[in-house]
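Please read these notes with the model open beside you.

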Amino acid sequence: MMLLTDYLGPHLTLPNRVIMSPMTRLRSHPDGSPTADVADYYAQRATAGLIVSEGIWPHSSGQSEAWVPGLQTVDHVRAWRAVTEAVHAAGGRIFAQLMHGGRKGHPLARIDGSVPAGASAVVDPERVHLIAGGKADPIVPEAMTTAEIDATVTYFADAARNAIAAGFDGVELHGANSYLLHQFLADNTNLRTDEYGGSIENRVRLPLRVVDAVTAAIGAHRTAIRLSPGNPQFDMIERDPGPLYRNLVAQLDTRGLAYLHLTDADDYAALADLRGLWRGTLIANVGENRTPTTASDAERVLESGVADAVSFGRAFIPNPDLVHRIAHELPLAALRDEFLYGRDARGYSDYPRASERLVSSPANSRVQPN
């Protein structure tokens, strides 16, 4: 089974090709430091070939909603070091995903109370979690000035240095799924008329600047990026994504990055189209709301040659031993949706492994078998 074979890429040595995809879980302290449960959660899943952490804001002005963690301060670095040490002690590898919300967010959802700002003043459709509880309707974001863009590039580089100081093996830049870098790429969220808007060359400018700043800070071999060509999530519109992403990926290919992580929402069309432009490691994420999320479907993706590894998201939540279950063709546990965005260990780090489930009982297990 290809999923279980190791992968020896130019920058990555992985024991298997099962990657844990980044997933927002909202387990942080008020200052943005991850809680102790976060270390347990990731260490339990350390048998993944690689863990990509939940999205982490590089600066408080990029916090997408309440309880999303950050990597800006000394306290953040200290707290994340406890996480990376736990993962490494369990034999795992972990990259930090740096995720700037851009237009996503709300002053009552951010620890600094700032108004969200993105490529243009275009409202995000999603309601966001607030610090005081509940959710709020979105507000009109500000359009980032060129000075704010310059500062944001620096924020990414500083956060990448903090990630390495915290013990992460590298960073993944979130250029997908409606976050800031994607907002500069998409048609409906980038209405700018300056050097960051209009032409393909202008719209790819910020993602490339961020990549170059981060690689200068920590090295290309510890820098990766995630993209989602044509992904309509959160009302993103890319009318003809092919030319833009071919241009972007071809330029990224010259940077010698650790890997490219692609979310493909269109029956592998983007993977097949872009594979020939990317000579490095390519991780495919085929989406959570489509059929190809099983091991057999992932195998077909690998066998087709369009990817070197496959990332799984929600399957990793109730199955901390997902790699073991795939290897032994064991059934997957069910997800308890009501605890996805909780504040404690319930539905987070209390899912048993398959071997524990076989001997669990109300008397000796914190959770009931699903």
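1. A polar contact is a pair of N or O atoms within 3.5 Å; within protein, one atom must be able to donate a hydrogen and the other to accept it, and residues adjacent in sequence count only if both atoms are side-chain atoms. The side chains of Tyr259 and Glu172 make such a contact, at 2.8 Å.

2. This is a predicted model, in which local features need pLDDT of at least 70, side-chain atom pairs count only at pLDDT 80 or more, and totals for chains, interfaces and linings use all residues. Residues are numbered from 1 along each chain as its sequence is written, and side-chain values use heavy atoms, with hydrogens and water left out.

3. Tyr259 lies in strand β12, residues 259–263. Helices (H or I, at least four residues) and strands (E, at least two) are DSSP runs, numbered from the N terminus. Is Tyr259 buried or exposed? Tyr259 is buried, with a relative accessible area of 0%; buried means under 20%, exposed over 50%, and partly exposed in between (1.4 Å probe, protein chains only). Not counting residues up to four places away in sequence, Tyr259 touches residues including Leu12, Phe95, Glu172 and Trp278, where contact means heavy atoms within 4.5 Å.

4. Trp67 is in the loop between β4 (50–56) and α2 (74–89), and is buried at 18% relative accessible area. Asn177 is in the loop between β10 (170–175) and α4 (180–185), and is buried at 12%.

5. Arg110 is in the loop between β5 (94–98) and β6 (117–118).

6. The 16 residues of α2 should span 22 Å at 1.5 Å a residue, and the end C-alpha atoms are 22 Å apart, which agrees. The expected span is 1.5 Å times one less than the number of residues. Among the buried residues of α2 are His76, Trp80, Val83 and Val87. Their cover includes α1 (36–44), β4, β5 and α3 (146–165). After α2 comes Gly91, with a positive phi near 90°.
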